[in-house]
Amino acid sequence: MRIVFHGQKAFGKELLGRLLERGENIVAVCSAPTKVGEPEDPLVEFALQEKLPLHQPASWKTPESLLLMQSFDADLCMMAYVLLFVPEVVLNTPRIGTFQYHPSLLPYHRGPSSISWPISMGKTKTGLSIFWPDDGLDEGPILLTKSCDIGPKDTLSNVYFDKLFPMGVDAMLESLDLVKAGVILKYKQDLVEGSYESWFTKELAQIDWDNPVEEVYNKIRAVDPAPGAWSTIKGQSIDFYTATKSSEVGVPGSIINISDDGILISAQNGSIVIHKARLSGGKKTFSAEIADELGLEVGDKFKFSARED
């Protein structure tokens, strides 16, 4: 089977490596263009190392890009971590079509921050979907899904790297085996029952200390390590990481305690221990060190709400 591989980052590199180990016929590798001043994408480096034909079009919406895909004479395209929009006419150029990895249980959490949103909503389950993309936003029919738990201490980082990353690589290979066996599964998504959320931006990651402690805690976990939940105090913006909940209560936004364990900050109906943090433009460190650097004391108050000026 002639396969076009389209992807980025560590996920794309890992899956491509597994395909090559299996002896799959990769006729082309496609990836996003390299940006000036940024490190080379791991997938691009790997493709060059393996001397595979590499293509990095700036857009897939051009006649030239359609001709490029047609030139591969491919049976199938596999998409792994692709942020550029690829129109349906290009997706359908390979004889069997194109299937893609998405880190949520479609039709829920379509969109680019699909791991963060279920964590921030306090959900205890998530998963991944392999689907046949179309011109919608993660709306194509589903080939297969896999689910996993979101533990009470799980963050964006470990849900992805410990769960959805390895599960996703295996699921893409399982999907390929199904297709090679002639099992072309296409289950239509019920979009009305699902959800779409856009980027979980830095602005959305600002903490509102007037919210219940569970919501604050979930938001911190959902954006750890990026973009990082944050709040301001004494004119300084601080990003928060590695947090735990506490039953201690106080005035929302106020510092209840500072110790080697971290900074204890009150929300509604409880409080949050911030173990690690980062000043804007600085490096991640123990939050007690930042408290010492800024001269924070018990009773000092973080910006009360995301709504305050």
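I take a strand to be a DSSP run of E with at least two residues, numbered from the N terminus. With that settled, I open the notebook on a predicted model.

**Entry 1: T242 and its strand**

I looked up T242 and found it in strand β9. Its phi is near 50°, a positive value in a residue other than glycine.

I noted 35% relative accessibility for Q236, so it counts as partly exposed. Which residues does Q236 touch, leaving aside neighbours within four places in sequence? I found contacts with S231, L279 and L294. I also took the distance from Q236 to F302. Their C-alpha atoms are 9.7 Å apart in space, and 66 residues separate them in sequence.

**Entry 2: the whole chain**

I counted eight helices and 13 strands. The C-alpha trace spans about 65 × 40 × 35 Å along its principal axes. Of the 309 residues, 50% are buried. Residues 24 or more positions apart account for 66% of them.

Next came the surface. The chain exposes about 14,400 Å², and carbon and sulfur atoms supply 52% of that area. I looked up the charges as well: 30 are positive and 42 are negative.

**Entry 3: helix α3**

Which of its residues are buried? I listed S65, L68 and M69.

What covers the buried residues of α3? The cover includes strands β1 (2-7), β3 (54-55) and β4 (76-80), along with helix α4 (88-91). After α3 comes D73, and its phi is positive, near 50°.

**Entry 4: a salt-bridge network**

I searched the whole structure for salt bridges and found 13. I followed a few of them.

E24 pairs with R22, and their closest N and O atoms are 2.9 Å apart. E24 counts as buried because its relative accessibility is 10%, and buried means under 20%. R22 is partly exposed, with a relative accessible area of 34%.

R22 also forms a salt bridge with D177, at 2.7 Å between the closest N and O atoms. This pair links distant parts of the chain. R22 is in the loop between α1 (9-21) and β2 (25-30), while D177 is in helix α6 (residues 156-180), 155 residues apart. I noted D177 as partly exposed, at 37% relative accessibility.

E24 has a salt bridge with K180 too, the closest N and O atoms being 3.1 Å apart. Here again the pair joins distant parts: E24 in the loop between α1 and β2, K180 in helix α6, 156 residues apart. K180 is partly exposed, with a relative accessible area of 43%. Salt bridges that share partners join R22, E24, D177 and K180 into one network.

**Entry 5: backbone details**

I looked for cis peptide bonds. One joins L106 and P107, with omega about 15°. P107 is in the loop between β5 (97-102) and α5 (116-120). Another joins A226 and P227, with omega about 0°. I placed P227 in the loop between α7 (213-222) and β8 (229-233).

Then I turned to K51. Its phi is positive, about 60°, although K51 is not a glycine. I found K51 in the loop between α2 (42-49) and β3. Is K51 buried or exposed? At 74% relative accessibility, K51 counts as exposed.

**Entry 6: E289 in α8**

My last stop was E289, in helix α8, residues 287-294. E289 is partly exposed, with a relative accessible area of 45%. How far apart are E289 and G262 in space? I found 8.8 Å from C-alpha to C-alpha, with the two residues 27 apart in sequence.

Key:
Residues numbered from 1 in each chain as written. Predicted model: local features only at pLDDT ≥ 70, side-chain atom pairs only at ≥ 80, totals over all residues. Heavy atoms only, no water. Buried < 20%, exposed > 50% of the residue type's maximum accessible area, 1.4 Å probe, protein only. Helix = DSSP H or I, 4+ residues; strand = E, 2+ residues; numbered from the N terminus. Contact = heavy atoms within 4.5 Å. Areas by Shrake-Rupley, 256 points an atom, 1.4 Å probe, with all protein chains shown as cover. Lys, Arg positive; Asp, Glu negative; His and termini not counted. Charge placed at Lys NZ, Arg CZ, Asp CG, Glu CD. Salt bridge = Lys/Arg side-chain N within 4 Å of Asp/Glu carboxyl O.
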